[in-house]
Amino acid sequence: MIRVQNLTKYYGERLAVDNINFNVARGEIVGLLGPNGAGKTTTMRILTGFLMPTSGDAWVADCNMATNSLEGRQHIGYLPEAIPLYTDVTVRSYLDFAGRLRGLDRNQIKDRIDDVVEICHLEEYIDVLIGKLSRGFRQRVGVAQAIIHEPEVMILDEPTIGIDPIQVAQTRQLIKDLGKEHTVLISSHILPEVSMICDRVVIIHEGQIVAEDRIENLSNLLKGSWNVRLEVKGPVKAVTRKLQQVRGVIEVRYEKPYHIVECPAKQDLRSSLMTAIVQGGWTIHSMGTIDMSLEDIFLRLTTEEESQDDEEFEE
Amino acid sequence: MKNTILIASREFRSYLTSPMAYIVACVFLALMGALFIWYLDSTDYQDTSITGYLDIWGNLVLMLFAAVLAMRLIAEEKKLGTWELLLTAPVRDTEVVLGKFLGSLGMLAVMLALTLYFPLLLWAFGDPDIGPIITGYLGLFLLGAASLSIGLFASSITTNQIVAAVIAGGILAVLYFIGMAGDAMSGAAGNIISYISLYSHFPAFMVGIIDTKAIIYYLSVTALFLFLSMRSVETGRWS
(Lines give C-alpha, C1' and ligand atoms only; values in the text may rest on other atoms or scores of the structure.)
Protein backbone atom coordinates (compact mmCIF):
# COMPACT_ATOMS: atom_id res chain seq x y z
CA MET A 1 0.00 0.00 0.00
CA ILE A 2 2.88 2.32 0.68
CA ARG A 3 6.01 2.26 -1.43
CA VAL A 4 8.91 4.62 -0.89
CA GLN A 5 11.59 4.52 -3.56
CA ASN A 6 14.90 6.38 -3.40
CA LEU A 7 13.14 9.21 -1.66
CA THR A 8 15.27 12.29 -1.05
CA LYS A 9 14.26 15.65 0.35
CA TYR A 10 16.37 18.75 0.74
CA TYR A 11 15.20 21.83 2.62
CA GLY A 12 17.36 24.34 0.82
CA GLU A 13 20.87 23.07 1.50
CA ARG A 14 19.86 20.81 4.36
CA LEU A 15 19.36 17.14 3.58
CA ALA A 16 16.35 15.91 5.55
CA VAL A 17 15.67 12.55 3.91
CA ASP A 18 18.50 10.73 2.18
CA ASN A 19 17.55 8.20 -0.48
CA ILE A 20 15.30 5.97 1.58
CA ASN A 21 13.37 2.88 0.51
CA PHE A 22 10.69 0.94 2.32
CA ASN A 23 7.32 -0.68 1.75
CA VAL A 24 4.24 -1.19 3.84
CA ALA A 25 1.99 -4.07 2.82
CA ARG A 26 -1.80 -3.97 3.02
CA GLY A 27 -3.00 -4.49 6.57
CA GLU A 28 0.42 -4.01 8.15
CA ILE A 29 1.17 -1.68 11.04
CA VAL A 30 4.63 -0.27 10.55
CA GLY A 31 6.49 2.01 12.89
CA LEU A 32 8.83 4.71 11.65
CA LEU A 33 11.24 5.04 14.51
CA GLY A 34 13.91 7.62 15.01
CA PRO A 35 15.09 10.45 17.21
CA ASN A 36 13.75 13.97 16.69
CA GLY A 37 14.92 15.48 13.43
CA ALA A 38 15.58 12.09 11.86
CA GLY A 39 13.29 12.79 8.90
CA LYS A 40 10.15 10.99 10.04
CA THR A 41 7.80 13.95 9.68
CA THR A 42 9.30 14.92 6.33
CA THR A 43 8.80 11.38 5.03
CA MET A 44 5.19 11.41 6.20
CA ARG A 45 4.54 14.83 4.72
CA ILE A 46 5.76 13.60 1.36
CA LEU A 47 3.63 10.46 1.64
CA THR A 48 0.54 12.55 2.32
CA GLY A 49 1.22 14.95 -0.55
CA PHE A 50 1.84 17.92 1.72
CA LEU A 51 5.41 18.23 0.48
CA MET A 52 6.99 17.35 -2.83
CA PRO A 53 10.11 15.19 -2.79
CA THR A 54 13.38 16.55 -4.19
CA SER A 55 13.83 13.22 -5.95
CA GLY A 56 12.51 9.68 -5.77
CA ASP A 57 8.94 8.47 -5.49
CA ALA A 58 6.33 7.97 -2.82
CA TRP A 59 3.40 5.72 -3.73
CA VAL A 60 0.27 5.33 -1.69
CA ALA A 61 -2.51 2.99 -2.86
CA ASP A 62 -0.83 2.87 -6.29
CA CYS A 63 -0.89 6.65 -6.67
CA ASN A 64 2.33 8.56 -7.09
CA MET A 65 2.04 11.30 -4.51
CA ALA A 66 3.98 13.78 -6.65
CA THR A 67 2.03 13.40 -9.88
CA ASN A 68 -1.29 11.90 -8.84
CA SER A 69 -1.56 13.35 -5.40
CA LEU A 70 -5.22 14.33 -5.53
CA GLU A 71 -6.39 10.76 -6.06
CA GLY A 72 -3.89 9.37 -3.60
CA ARG A 73 -5.01 11.73 -0.86
CA GLN A 74 -8.50 10.21 -0.97
CA HIS A 75 -7.05 6.96 0.34
CA ILE A 76 -5.11 8.53 3.19
CA GLY A 77 -6.15 9.45 6.70
CA TYR A 78 -3.46 11.67 8.16
CA LEU A 79 -2.87 12.85 11.68
CA PRO A 80 -0.02 15.38 11.65
CA GLU A 81 2.14 15.88 14.70
CA ALA A 82 0.44 19.23 15.38
CA ILE A 83 -3.20 18.14 15.53
CA PRO A 84 -4.98 20.17 12.83
CA LEU A 85 -7.97 21.50 14.74
CA TYR A 86 -10.09 24.63 14.44
CA THR A 87 -10.60 25.66 18.04
CA ASP A 88 -13.67 27.83 17.48
CA VAL A 89 -16.04 25.07 16.32
CA THR A 90 -17.68 22.05 17.94
CA VAL A 91 -16.39 18.53 17.44
CA ARG A 92 -19.42 17.77 15.28
CA SER A 93 -19.01 20.72 12.98
CA TYR A 94 -15.28 20.06 12.67
CA LEU A 95 -15.84 16.42 11.73
CA ASP A 96 -18.52 17.52 9.29
CA PHE A 97 -16.02 19.83 7.59
CA ALA A 98 -13.31 17.16 7.58
CA GLY A 99 -15.72 14.67 6.03
CA ARG A 100 -16.93 17.02 3.32
CA LEU A 101 -13.37 17.98 2.53
CA ARG A 102 -12.81 14.30 1.73
CA GLY A 103 -15.87 14.27 -0.51
CA LEU A 104 -18.48 12.59 1.70
CA ASP A 105 -22.08 13.67 1.10
CA ARG A 106 -24.58 14.79 3.72
CA ASN A 107 -26.02 11.34 4.52
CA GLN A 108 -22.68 9.53 4.60
CA ILE A 109 -21.32 12.17 6.93
CA LYS A 110 -24.08 11.76 9.48
CA ASP A 111 -23.44 8.03 9.71
CA ARG A 112 -19.69 8.37 9.72
CA ILE A 113 -19.69 11.01 12.46
CA ASP A 114 -21.71 8.62 14.61
CA ASP A 115 -19.24 5.83 13.85
CA VAL A 116 -16.01 7.70 14.49
CA VAL A 117 -17.39 9.32 17.62
CA GLU A 118 -18.11 5.87 18.95
CA ILE A 119 -14.71 4.48 17.89
CA CYS A 120 -12.86 7.39 19.48
CA HIS A 121 -15.12 7.59 22.56
CA LEU A 122 -16.15 11.18 21.98
CA GLU A 123 -19.91 10.75 22.56
CA GLU A 124 -20.08 13.18 25.45
CA TYR A 125 -18.01 15.82 23.73
CA ILE A 126 -19.65 15.92 20.32
CA ASP A 127 -21.18 19.37 20.88
CA VAL A 128 -18.31 20.85 22.86
CA LEU A 129 -16.07 23.52 21.36
CA ILE A 130 -12.71 22.01 20.43
CA GLY A 131 -10.94 24.89 22.15
CA LYS A 132 -12.35 23.67 25.45
CA LEU A 133 -11.08 20.11 25.11
CA SER A 134 -7.96 18.79 26.83
CA ARG A 135 -4.98 17.65 24.82
CA GLY A 136 -5.99 14.00 25.12
CA PHE A 137 -9.45 14.59 23.71
CA ARG A 138 -8.07 16.77 20.97
CA GLN A 139 -5.90 13.83 20.04
CA ARG A 140 -9.01 11.68 19.71
CA VAL A 141 -10.70 14.29 17.55
CA GLY A 142 -7.54 14.27 15.43
CA VAL A 143 -7.79 10.51 15.01
CA ALA A 144 -11.53 10.82 14.30
CA GLN A 145 -10.94 13.24 11.41
CA ALA A 146 -8.27 10.91 10.01
CA ILE A 147 -10.66 7.94 9.80
CA ILE A 148 -13.91 9.69 8.92
CA HIS A 149 -13.66 8.84 5.23
CA GLU A 150 -12.65 5.22 5.91
CA PRO A 151 -9.23 5.55 4.32
CA GLU A 152 -7.26 2.48 3.36
CA VAL A 153 -4.04 3.95 4.65
CA MET A 154 -3.53 5.78 7.92
CA ILE A 155 -0.49 7.91 8.53
CA LEU A 156 -0.07 9.01 12.13
CA ASP A 157 2.79 11.29 13.10
CA GLU A 158 3.75 10.88 16.76
CA PRO A 159 0.19 10.06 17.80
CA THR A 160 0.89 9.76 21.53
CA ILE A 161 3.06 12.78 22.08
CA GLY A 162 2.00 15.13 24.86
CA ILE A 163 -0.87 13.13 26.35
CA ASP A 164 -1.12 11.50 29.76
CA PRO A 165 -0.20 7.82 30.33
CA ILE A 166 -3.77 6.48 30.53
CA GLN A 167 -4.68 8.24 27.31
CA VAL A 168 -1.46 6.96 25.73
CA ALA A 169 -2.56 3.42 26.50
CA GLN A 170 -6.02 4.10 25.06
CA THR A 171 -4.59 5.68 21.94
CA ARG A 172 -2.26 2.72 21.40
CA GLN A 173 -5.16 0.32 21.74
CA LEU A 174 -7.15 2.45 19.31
CA ILE A 175 -4.34 2.34 16.76
CA LYS A 176 -4.02 -1.43 17.20
CA ASP A 177 -7.74 -1.81 16.58
CA LEU A 178 -7.59 0.45 13.55
CA GLY A 179 -4.71 -1.64 12.27
CA LYS A 180 -7.06 -4.59 11.87
CA GLU A 181 -8.83 -2.84 9.00
CA HIS A 182 -6.36 -0.24 7.83
CA THR A 183 -2.79 -0.11 6.70
CA VAL A 184 -1.03 2.02 9.30
CA LEU A 185 2.24 3.88 9.31
CA ILE A 186 3.04 5.54 12.61
CA SER A 187 6.07 7.50 13.63
CA SER A 188 7.48 7.56 17.11
CA HIS A 189 10.61 8.22 19.05
CA ILE A 190 9.42 5.93 21.83
CA LEU A 191 10.70 2.40 21.43
CA PRO A 192 8.32 0.43 23.65
CA GLU A 193 5.43 2.07 21.87
CA VAL A 194 6.57 0.84 18.49
CA SER A 195 7.25 -2.67 19.76
CA MET A 196 3.83 -2.70 21.39
CA ILE A 197 1.81 -1.55 18.38
CA CYS A 198 3.73 -2.44 15.26
CA ASP A 199 4.34 -5.55 13.22
CA ARG A 200 7.43 -4.11 11.70
CA VAL A 201 9.76 -1.21 12.32
CA VAL A 202 11.76 1.05 10.07
CA ILE A 203 14.48 2.85 11.98
CA ILE A 204 15.50 6.15 10.53
CA HIS A 205 18.40 8.28 11.62
CA GLU A 206 19.71 11.47 10.08
CA GLY A 207 17.55 10.96 7.03
CA GLN A 208 18.70 7.42 6.37
CA ILE A 209 17.19 4.05 7.13
CA VAL A 210 19.55 2.25 9.47
CA ALA A 211 17.46 -0.87 9.98
CA GLU A 212 14.19 -2.36 8.83
CA ASP A 213 12.67 -5.63 9.92
CA ARG A 214 10.08 -7.33 12.03
CA ILE A 215 10.66 -6.51 15.65
CA GLU A 216 11.72 -10.01 16.67
CA ASN A 217 14.08 -10.37 13.68
CA LEU A 218 15.54 -6.98 14.29
CA SER A 219 17.06 -7.97 17.58
CA ASN A 220 18.74 -11.00 15.94
CA LEU A 221 19.85 -9.00 12.97
CA LEU A 222 21.46 -6.27 14.93
CA LYS A 223 23.24 -7.69 17.86
CA GLY A 224 25.70 -9.85 15.93
CA SER A 225 26.02 -11.72 19.19
CA TRP A 226 23.78 -12.97 21.90
CA ASN A 227 24.20 -13.51 25.60
CA VAL A 228 23.82 -16.63 27.73
CA ARG A 229 23.32 -16.12 31.40
CA LEU A 230 24.63 -18.84 33.74
CA GLU A 231 24.26 -19.23 37.45
CA VAL A 232 27.05 -21.56 38.53
CA LYS A 233 27.93 -22.85 41.96
CA GLY A 234 31.73 -22.67 42.01
CA PRO A 235 34.72 -20.31 42.31
CA VAL A 236 34.03 -17.24 40.19
CA LYS A 237 37.48 -16.79 38.65
CA ALA A 238 37.97 -20.44 37.81
CA VAL A 239 34.53 -20.68 36.23
CA THR A 240 35.18 -17.56 34.20
CA ARG A 241 38.51 -18.92 32.97
CA LYS A 242 36.95 -22.25 32.06
CA LEU A 243 34.08 -20.64 30.16
CA GLN A 244 36.47 -18.44 28.24
CA GLN A 245 38.24 -21.54 26.99
CA VAL A 246 35.08 -22.85 25.34
CA ARG A 247 35.47 -22.67 21.57
CA GLY A 248 33.56 -19.76 20.04
CA VAL A 249 32.98 -17.72 23.18
CA ILE A 250 33.57 -14.02 22.61
CA GLU A 251 33.61 -12.73 26.14
CA VAL A 252 32.72 -13.74 29.67
CA ARG A 253 31.90 -11.33 32.43
CA TYR A 254 30.61 -11.78 35.93
CA GLU A 255 27.59 -9.89 37.15
CA LYS A 256 26.79 -11.25 40.57
CA PRO A 257 25.47 -13.96 40.75
CA TYR A 258 25.56 -14.61 37.00
CA HIS A 259 28.19 -15.29 34.44
CA ILE A 260 27.25 -13.59 31.21
CA VAL A 261 28.69 -15.32 28.18
CA GLU A 262 28.64 -13.49 24.89
CA CYS A 263 28.26 -15.90 21.98
CA PRO A 264 28.39 -15.26 18.24
CA ALA A 265 25.01 -14.91 16.54
CA LYS A 266 23.66 -18.06 14.87
CA GLN A 267 25.89 -20.31 17.02
CA ASP A 268 24.37 -22.07 19.97
CA LEU A 269 27.11 -22.78 22.52
CA ARG A 270 24.86 -23.74 25.38
CA SER A 271 25.66 -27.46 25.40
CA SER A 272 29.41 -26.77 25.18
CA LEU A 273 29.11 -24.36 28.10
CA MET A 274 27.20 -26.92 30.10
CA THR A 275 29.82 -29.59 29.39
CA ALA A 276 32.58 -27.21 30.44
CA ILE A 277 30.93 -26.55 33.77
CA VAL A 278 30.35 -30.24 34.45
CA GLN A 279 33.96 -31.04 33.52
CA GLY A 280 35.08 -28.45 36.05
CA GLY A 281 33.12 -30.32 38.69
CA TRP A 282 30.69 -27.47 39.37
CA THR A 283 26.90 -27.36 39.19
CA ILE A 284 24.60 -25.16 37.15
CA HIS A 285 21.70 -23.62 39.03
CA SER A 286 20.18 -21.87 36.07
CA MET A 287 20.82 -21.07 32.46
CA GLY A 288 19.01 -18.57 30.22
CA THR A 289 19.39 -16.20 27.32
CA ILE A 290 19.24 -12.43 27.38
CA ASP A 291 17.61 -10.64 24.46
CA MET A 292 18.82 -7.25 23.59
CA SER A 293 16.02 -4.77 24.20
CA LEU A 294 14.93 -2.51 21.42
CA GLU A 295 16.33 0.36 23.43
CA ASP A 296 19.80 -1.19 23.31
CA ILE A 297 19.43 -1.71 19.61
CA PHE A 298 18.26 1.77 19.08
CA LEU A 299 20.97 3.27 21.22
CA ARG A 300 23.48 1.14 19.44
CA LEU A 301 22.18 2.04 16.01
CA THR A 302 22.29 5.69 16.67
CA THR A 303 25.57 5.73 18.55
CA GLU A 304 27.24 3.55 15.93
CA GLU A 305 26.16 6.06 13.36
CA GLU A 306 27.76 8.79 15.36
CA SER A 307 30.98 6.93 16.00
CA GLN A 308 31.26 6.17 12.30
CA ASP A 309 30.83 9.82 11.60
CA ASP A 310 33.55 10.58 14.12
CA GLU A 311 35.93 8.16 12.44
CA GLU A 312 35.28 9.73 9.10
CA PHE A 313 35.95 13.05 10.66
CA GLU A 314 39.27 11.88 12.10
CA GLU A 315 40.39 10.47 8.80
CA MET B 1 -16.30 24.12 -7.19
CA LYS B 2 -18.01 22.21 -4.35
CA ASN B 3 -14.76 22.31 -2.41
CA THR B 4 -14.33 26.03 -3.05
CA ILE B 5 -17.79 26.71 -1.62
CA LEU B 6 -17.11 24.40 1.32
CA ILE B 7 -13.90 26.22 2.21
CA ALA B 8 -15.45 29.64 1.58
CA SER B 9 -18.41 28.91 3.83
CA ARG B 10 -16.16 27.60 6.60
CA GLU B 11 -14.06 30.73 6.30
CA PHE B 12 -17.11 32.99 6.40
CA ARG B 13 -18.59 31.20 9.41
CA SER B 14 -15.31 31.39 11.26
CA TYR B 15 -15.47 35.19 10.91
CA LEU B 16 -18.92 35.13 12.47
CA THR B 17 -17.72 33.06 15.44
CA SER B 18 -14.60 35.11 16.05
CA PRO B 19 -14.79 38.07 18.43
CA MET B 20 -11.96 39.70 16.49
CA ALA B 21 -14.12 40.00 13.37
CA TYR B 22 -16.85 41.77 15.34
CA ILE B 23 -14.36 44.22 16.77
CA VAL B 24 -12.95 44.86 13.30
CA ALA B 25 -16.45 45.35 11.87
CA CYS B 26 -17.44 47.71 14.69
CA VAL B 27 -14.37 49.88 14.32
CA PHE B 28 -14.89 49.88 10.56
CA LEU B 29 -18.49 51.05 10.90
CA ALA B 30 -17.57 53.66 13.50
CA LEU B 31 -14.82 55.08 11.28
CA MET B 32 -17.00 55.07 8.21
CA GLY B 33 -19.82 56.73 10.16
CA ALA B 34 -17.50 59.41 11.50
CA LEU B 35 -16.18 60.12 8.00
CA PHE B 36 -19.73 60.32 6.68
CA ILE B 37 -20.73 62.88 9.32
CA TRP B 38 -17.49 64.75 8.85
CA TYR B 39 -18.20 65.10 5.14
CA LEU B 40 -21.86 66.12 5.56
CA ASP B 41 -20.82 68.62 8.18
CA SER B 42 -18.18 70.12 5.91
CA THR B 43 -20.89 70.83 3.30
CA ASP B 44 -23.18 72.28 5.96
CA TYR B 45 -25.61 69.40 5.27
CA GLN B 46 -26.36 70.85 1.83
CA ASP B 47 -24.89 68.03 -0.24
CA THR B 48 -26.86 64.79 -0.25
CA SER B 49 -24.12 62.52 -1.58
CA ILE B 50 -21.88 59.88 -0.19
CA THR B 51 -18.79 60.91 -2.09
CA GLY B 52 -17.51 62.32 1.16
CA TYR B 53 -17.10 59.03 2.86
CA LEU B 54 -16.04 57.33 -0.32
CA ASP B 55 -13.45 59.98 -0.96
CA ILE B 56 -9.78 59.47 -0.14
CA TRP B 57 -10.37 58.54 3.51
CA GLY B 58 -13.21 56.16 2.87
CA ASN B 59 -11.34 53.98 0.46
CA LEU B 60 -8.20 54.09 2.60
CA VAL B 61 -10.24 52.83 5.54
CA LEU B 62 -11.65 50.07 3.38
CA MET B 63 -8.22 48.98 2.17
CA LEU B 64 -6.87 48.98 5.70
CA PHE B 65 -9.71 46.80 6.94
CA ALA B 66 -9.45 44.46 3.98
CA ALA B 67 -5.81 43.90 4.93
CA VAL B 68 -6.85 43.20 8.52
CA LEU B 69 -9.59 40.79 7.43
CA ALA B 70 -7.23 38.93 5.12
CA MET B 71 -4.21 38.68 7.41
CA ARG B 72 -5.45 35.55 9.13
CA LEU B 73 -6.54 33.65 6.04
CA ILE B 74 -3.54 31.41 5.54
CA ALA B 75 -1.16 32.50 8.31
CA GLU B 76 -3.59 31.38 11.00
CA GLU B 77 -4.14 28.00 9.38
CA LYS B 78 -0.40 27.47 9.29
CA LYS B 79 -0.14 28.38 12.95
CA LEU B 80 -3.06 26.09 13.94
CA GLY B 81 -1.68 23.25 11.84
CA THR B 82 -4.94 23.03 9.92
CA TRP B 83 -3.03 24.03 6.80
CA GLU B 84 -1.78 20.43 6.72
CA LEU B 85 -5.39 19.21 6.89
CA LEU B 86 -6.38 21.36 3.91
CA LEU B 87 -3.33 20.59 1.79
CA THR B 88 -3.51 16.84 2.38
CA ALA B 89 -7.23 16.64 1.64
CA PRO B 90 -8.25 15.71 -1.90
CA VAL B 91 -8.71 19.38 -2.75
CA ARG B 92 -6.82 21.48 -5.29
CA ASP B 93 -4.60 24.32 -4.13
CA THR B 94 -6.62 26.66 -6.34
CA GLU B 95 -9.82 25.59 -4.59
CA VAL B 96 -8.26 26.33 -1.21
CA VAL B 97 -7.04 29.77 -2.29
CA LEU B 98 -10.30 30.70 -4.03
CA GLY B 99 -12.36 29.44 -1.12
CA LYS B 100 -10.35 31.51 1.32
CA PHE B 101 -10.69 34.57 -0.89
CA LEU B 102 -14.46 34.19 -1.39
CA GLY B 103 -15.03 33.61 2.32
CA SER B 104 -13.28 36.84 3.20
CA LEU B 105 -14.99 38.66 0.33
CA GLY B 106 -18.32 37.60 1.83
CA MET B 107 -17.31 39.11 5.16
CA LEU B 108 -16.22 42.33 3.46
CA ALA B 109 -19.53 42.47 1.57
CA VAL B 110 -21.41 42.16 4.87
CA MET B 111 -19.36 45.00 6.35
CA LEU B 112 -20.05 47.15 3.31
CA ALA B 113 -23.73 46.26 3.40
CA LEU B 114 -23.88 47.47 7.00
CA THR B 115 -22.91 50.96 5.76
CA LEU B 116 -25.91 51.04 3.43
CA TYR B 117 -27.83 52.94 6.04
CA PHE B 118 -25.83 56.04 5.01
CA PRO B 119 -27.55 56.27 1.61
CA LEU B 120 -30.85 55.27 3.27
CA LEU B 121 -30.49 58.25 5.62
CA LEU B 122 -29.72 60.52 2.69
CA TRP B 123 -32.72 59.20 0.88
CA ALA B 124 -34.95 59.74 3.92
CA PHE B 125 -33.83 63.29 4.55
CA GLY B 126 -33.02 64.49 1.07
CA ASP B 127 -33.02 63.70 -2.56
CA PRO B 128 -29.71 62.00 -3.38
CA ASP B 129 -28.52 61.08 -6.84
CA ILE B 130 -28.81 57.28 -6.83
CA GLY B 131 -26.37 56.69 -9.72
CA PRO B 132 -23.14 57.72 -8.03
CA ILE B 133 -24.16 55.86 -4.89
CA ILE B 134 -24.52 52.58 -6.78
CA THR B 135 -21.32 53.02 -8.78
CA GLY B 136 -19.56 54.20 -5.64
CA TYR B 137 -20.42 50.96 -3.86
CA LEU B 138 -19.39 48.97 -6.92
CA GLY B 139 -16.04 50.75 -6.83
CA LEU B 140 -15.62 50.10 -3.13
CA PHE B 141 -16.43 46.42 -3.60
CA LEU B 142 -13.91 46.05 -6.43
CA LEU B 143 -11.25 47.93 -4.48
CA GLY B 144 -12.02 45.73 -1.49
CA ALA B 145 -11.68 42.55 -3.57
CA ALA B 146 -8.31 43.68 -4.89
CA SER B 147 -7.15 44.59 -1.38
CA LEU B 148 -8.27 41.22 -0.02
CA SER B 149 -6.35 39.35 -2.69
CA ILE B 150 -3.25 41.36 -1.79
CA GLY B 151 -3.89 40.54 1.88
CA LEU B 152 -4.35 36.86 1.03
CA PHE B 153 -1.03 36.81 -0.80
CA ALA B 154 0.70 38.47 2.16
CA SER B 155 -0.90 35.92 4.47
CA SER B 156 0.40 33.08 2.32
CA ILE B 157 4.05 34.04 2.68
CA THR B 158 4.25 34.13 6.48
CA THR B 159 2.91 32.34 9.55
CA ASN B 160 2.60 35.55 11.53
CA GLN B 161 -0.66 37.44 11.09
CA ILE B 162 0.79 40.79 12.12
CA VAL B 163 3.61 40.41 9.62
CA ALA B 164 0.99 39.51 6.99
CA ALA B 165 -0.99 42.65 7.76
CA VAL B 166 2.13 44.82 7.58
CA ILE B 167 3.19 43.30 4.25
CA ALA B 168 -0.32 43.75 2.84
CA GLY B 169 -0.43 47.33 4.15
CA GLY B 170 2.92 48.00 2.51
CA ILE B 171 1.88 46.66 -0.89
CA LEU B 172 -1.43 48.55 -0.71
CA ALA B 173 0.24 51.80 0.32
CA VAL B 174 2.74 51.57 -2.51
CA LEU B 175 0.06 50.75 -5.08
CA TYR B 176 -2.12 53.55 -3.75
CA PHE B 177 0.27 56.43 -3.31
CA ILE B 178 2.28 55.69 -6.43
CA GLY B 179 -0.71 57.24 -8.25
CA MET B 180 0.01 60.62 -6.73
CA ALA B 181 3.59 60.39 -7.96
CA GLY B 182 2.26 59.40 -11.37
CA ASP B 183 -0.04 62.38 -11.49
CA ALA B 184 2.83 64.69 -10.68
CA MET B 185 4.92 63.26 -13.49
CA SER B 186 4.29 64.05 -17.12
CA GLY B 187 4.46 61.94 -20.23
CA ALA B 188 4.16 58.23 -20.79
CA ALA B 189 5.97 57.24 -17.58
CA GLY B 190 3.53 59.29 -15.55
CA ASN B 191 0.57 57.72 -17.33
CA ILE B 192 1.85 54.21 -16.78
CA ILE B 193 2.49 54.82 -13.11
CA SER B 194 -0.94 56.35 -12.73
CA TYR B 195 -2.49 53.39 -14.47
CA ILE B 196 -1.03 50.79 -12.12
CA SER B 197 -2.18 52.72 -9.07
CA LEU B 198 -5.18 51.60 -7.03
CA TYR B 199 -5.97 55.25 -6.44
CA SER B 200 -6.32 56.65 -9.92
CA HIS B 201 -9.16 54.36 -10.99
CA PHE B 202 -11.41 55.14 -8.08
CA PRO B 203 -12.70 58.73 -8.64
CA ALA B 204 -14.70 57.78 -11.75
CA PHE B 205 -16.93 55.49 -9.68
CA MET B 206 -17.72 58.33 -7.30
CA VAL B 207 -19.18 60.55 -9.97
CA GLY B 208 -21.40 57.80 -11.32
CA ILE B 209 -19.30 56.53 -14.21
CA ILE B 210 -18.94 52.80 -14.80
CA ASP B 211 -15.51 52.80 -16.37
CA THR B 212 -14.77 49.42 -18.00
CA LYS B 213 -11.06 50.18 -17.85
CA ALA B 214 -11.30 50.65 -14.10
CA ILE B 215 -13.33 47.49 -13.60
CA ILE B 216 -10.86 45.50 -15.67
CA TYR B 217 -8.03 47.08 -13.72
CA TYR B 218 -9.40 46.03 -10.30
CA LEU B 219 -10.30 42.56 -11.52
CA SER B 220 -6.81 42.15 -12.99
CA VAL B 221 -5.15 43.16 -9.74
CA THR B 222 -7.38 40.70 -7.89
CA ALA B 223 -6.60 37.92 -10.36
CA LEU B 224 -2.88 38.67 -10.27
CA PHE B 225 -2.62 38.41 -6.49
CA LEU B 226 -4.84 35.32 -6.38
CA PHE B 227 -2.47 33.77 -8.89
CA LEU B 228 0.53 34.81 -6.81
CA SER B 229 -1.13 33.32 -3.72
CA MET B 230 -1.61 30.02 -5.52
CA ARG B 231 2.00 30.02 -6.61
CA SER B 232 3.07 30.82 -3.08
CA VAL B 233 1.05 27.87 -1.75
CA GLU B 234 2.54 25.61 -4.39
CA THR B 235 6.04 26.85 -3.61
CA GLY B 236 5.44 25.92 0.01
CA ARG B 237 5.16 22.29 -1.05
CA TRP B 238 8.58 22.38 -2.66
CA SER B 239 10.47 24.29 -0.02
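Q: What should I know before reading the numbers?
A: The model is predicted, so local features need pLDDT of at least 70 and side-chain atom pairs pLDDT 80 or more, while totals for chains, interfaces and linings use all residues. Residues are numbered from 1 along each chain as its sequence is written, and chains are lettered from A and ligands numbered from 1 in the order in which they are written.

Q: What is the strand order in the chain A sheet?
A: The order is β6-β7-β8-β3-β9-β10, an open sheet of six strands with mixed pairing. Strands (E, at least two residues) and helices (H or I, at least four) are DSSP runs numbered from the N terminus, and two strands pair if DSSP finds at least two bridges between them.

Q: Which strands stand at the edges?
A: β6 (76-79) and β10 (208-214) of chain A; each has a single partner strand, so one side of each lacks a neighbour in the sheet.

Q: How do β7 and β8 run, parallel or antiparallel?
A: Parallel, with five bridges joining β7 (residues 153-157) to β8 (residues 183-188) in chain A. A:Leu156 is opposite A:Ile186 of β8(A).

Q: Switching to chain B, how do α9 and α13 cross?
A: The axes of α9 (residues 130-156) and α13 (residues 212-238) of chain B come within 8 Å and cross at roughly 15°. Axes are lines fitted to C-alpha atoms, for helices over the stretch in contact, with angles from 0 to 180 degrees between N-to-C directions. α9(B) and α13(B) are therefore roughly parallel (angles under 35 degrees).

Notes:
Angles under 35 degrees count as roughly parallel, over 145 as roughly antiparallel, 65 to 115 as roughly perpendicular and the rest as oblique.
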